[in-house]
2 protein chains.
Amino acid sequence: MAHPAVAHPVAAPDQLTAALAELGQLLGNRLSTASAVRESHGRDESYHMGFPPDAVVFAQSTEEVQAIVGICVQHGVPVIPFGTGTSLEGHVAALHGGVCLDLSHMNQILRVSPEDLDCTVQAGVTRKALNEYLRDTGLFFPIDPGADASLGGMTATRASGTNAVRYGTMRENVLGLTVVMADGRIIRTSRRSRKSAAGYDLTRLFVGSEGTLGIITEVTLRLHGIPEVIVSAVVSFPTIKGAVDTVIETIQSGIPVARMELLDEVQVGACNAYSKLSMAEQPTLFLEFHGTANGTQEQAERVAELAASNGGGSFQWSTSPEERAKLWEARHKAYYAAMALRPGCKGWATDVCVPISRLADCIVETKADLAQSTIVAPMVGHVGDGNFHLVYLIDPDNAEEVAEAGRLNDRMVMRALAMDGTCTGEHGVGYGKLDFLTAEHGEAVSVMRQIKLALDPRNLLNPGKVVRV
Amino acid sequence: MAHPAVAHPVAAPDQLTAALAELGQLLGNRLSTASAVRESHGRDESYHMGFPPDAVVFAQSTEEVQAIVGICVQHGVPVIPFGTGTSLEGHVAALHGGVCLDLSHMNQILRVSPEDLDCTVQAGVTRKALNEYLRDTGLFFPIDPGADASLGGMTATRASGTNAVRYGTMRENVLGLTVVMADGRIIRTSRRSRKSAAGYDLTRLFVGSEGTLGIITEVTLRLHGIPEVIVSAVVSFPTIKGAVDTVIETIQSGIPVARMELLDEVQVGACNAYSKLSMAEQPTLFLEFHGTANGTQEQAERVAELAASNGGGSFQWSTSPEERAKLWEARHKAYYAAMALRPGCKGWATDVCVPISRLADCIVETKADLAQSTIVAPMVGHVGDGNFHLVYLIDPDNAEEVAEAGRLNDRMVMRALAMDGTCTGEHGVGYGKLDFLTAEHGEAVSVMRQIKLALDPRNLLNPGKVVRV
């Protein structure tokens, strides 16, 4: 995928000046044009090139977002919403200049209803802040993409992560949204009942829309009871196929596993080095079971049997929080361990997701392809969903390496698509996977474009992301 | 809600004639203008007035649907998709004339992947036909709205039913769709991986769109393993509040109950009379638990305790298929039993859904309101979701009764909305709940209208349903 070399501003200079003057009047020192602020708001955690916005504004309420969008749209200035900047496909880059709308000050938890297992938060609340707040209620919010992302950003990117195999993704856990539209309308997409057949599913339309259809300002979320018992387990395999076949059989048996993570032998080696562990440098599954004492034991025993029948080694498991943390330590520090394999490198993180029956083929073929390359790329997977990640460890100044990583990535994505999978299971499109979206959806992309143009006819909401206009 | 008194045809007579001539050439005797065929295709199972289409066509393939839509749109003739005609809010009424597109001949099961727990069917396959086909695979499709509806129709109306509390609705169980758009494009909304962050969620946009955004021709569905053990249970309560509080506490405890149905004392009386049973004429819960032997026993025991603490009578439960069928007999025949309370009557079926914490209030207030009326209306509820139904038993020729049922219904819907619930948990909007949609969603309806107009600018796909244009 070729990167745009430079930003293409769409606002006329005098219009931009007029917009910034009005925004300054509205927001005072919550408008910044300082270079460091702009730089940090124009790039995310990915290897993708950053593009700083012309200014950054910090909103404090839905009504203020409405006013900001109104000013920007009136002057033809793009608006790019920003949560924590932890996205992975260049989602926040100001490709066409404009104003970055930082929602991190909107960090109020507006309502928790333990009796309905739901809550409403402002978009800037992070998932850890929410779970901290919920601590004494016996409830938790399970979606865990790794980063302590904002819940607005997680909604906008349809985030997922380690618990999705049991609890679903943001798609299943967002009950409703407050959204500011490009023309300034404020809408609420849904009431608070668990299900509804009342009209088009606007909630799901905005989940995963990456700030291109409207600005999400409030999120109503489904909560879950903290399980009575949590069992963690780790088991390693002589072959990646043995590990993946265990996953496939577990899912096919309907065992309601809560987490099912794969680290390949490269990643396990990285973790040993980084955390001074002595795990067998083999493909390894990290598991978690949630439920009653009987239920979790039943689940763990069944998976242990499946693992043994696929060549798995000793099935280590525990219910004590300390031992569980120790068992999972390698998984929790996987990203940092991967980066430490090559000090000074940049990590190009990518993900695909395939039907579970094709997971072993997809992983084995991808690893065979990697074996032909000089690029090191540890693999971590939310394999219970058919989803896995690679991090290509590259020197960003070495054009040949960047190109080689690009070729590897192209082949992996096209392999996943050929297996009826998706170009991204959870990272989203941003501007990094625009072309793959067309490869995946074909004519359906033109329907997405019609929706985008209907709701944002001047293409001012996070332009250049998800669909080209 | 006022009914339109007559259909308002939108196609000019010569254009309609031209379209029917071209359709006849394409389809031969799969085009019918016979009065009986038109009549039966212009009404559903609701009390809503039927409006016969000008013709009925029977399609056999996606490409044929594309050709039919092409001819109709070219001549400005509305197209109304039709599955089994079992909808409940007038969804298939040809309010503006046009062609009814019957998909029941598209009844092929195209693919079943037991290893991925999914399948793809043509839109005309019914849920019972699919489950019959799956019988030897160990899998089943759980969504059960009562009627043996087509899976295309169930998708279009976001159907739900008794199993939704455990397995979700069509929203959670449709993985992808093939859709013919108004301009003839054929799109596939999604690949087959369990999750994806690749672009706008077109799948969920078409689920519940009631034929107004495109014609669904193929559906990819999630399947589930048939549980090892199924336990059924029945328990009755002296008060409706005791029954509903048991439901609320069960859901709040996170017990993964598979079915949780409430029949009020009026409905139980109707069932006793109809099926010659001798159940206590009290509010009664019908339950089902799915899982392992240990797991289901654990669930049943916990719910039995909750029921006892809320004044429940004896908790009768069984695992044998025959006894289970007997326990559930009253529930299965509830609709016919209700209708038999007043021979010759028409049943006006309606549903609302509220947050679970408000369910007891909503049901108790609704029953108090009914007690002030002469209209008999048994209540059945998928109460685990916060969803319940009334059937007003009325003489459709008695204008006063119809008006009184309308007033009762208005009050129930507005009560549910005031409790942050929805005007329809599972029946959909059709033309029966158009005005309630605006009451529920406010400005968001204007966003729905923009999407409708973007994808069907001439308003020819099932016009007059979901949103007014």
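**Notebook: helix pair, sheet and interface**

I looked up the crossing of α15(A) past α16(A) and found it right-handed (the near helix is turned clockwise from the far one by less than a right angle). The model is predicted: local features need pLDDT of at least 70, side-chain atom pairs count only at pLDDT 80 or more, and totals for chains, interfaces and linings use all residues. Residues are numbered from 1 along each chain as its sequence is written, while chains are lettered from A and ligands numbered from 1 in the order in which they are written.

I noted that the axes of α15 (residues 359-371) and α16 (residues 399-418) of chain A come within 10 Å and cross at roughly 160°. The pair is therefore roughly antiparallel (angles over 145 degrees). Helices are DSSP runs of H or I, at least four residues, and strands are runs of E, at least two. Among the contact residues (C-beta atoms, placed from the backbone, within 7 Å) I listed Cys362(A) and Glu365(A) of α15(A), and Leu408(A) and Arg411(A) of α16(A).

Next I turned to chain B. Its 5 strands form an open antiparallel sheet in the order β5-β6-β10-β8-β9 (strands pair if DSSP finds at least two bridges between them). I recorded β5 (109-113) and β9 of chain B as the edge strands, each pairing on one side only. Strands β8 (residues 174-180) and β10 (residues 215-222) of chain B pair over 6 bridges; Val180(B) has Ile215(B) as its bridge partner.

Last, I checked the interface: 72 residues of chain B are in contact with 72 residues of chain A. On the chain B side, α18(B) gives the most, with 8 residues.

Technical notes:
Contact = placed C-beta atoms within 7 Å. Axes fitted to C-alpha atoms, helices over the stretch in contact; angles between N-to-C directions. Parallel < 35°, antiparallel > 145°, perpendicular 65-115°, else oblique.
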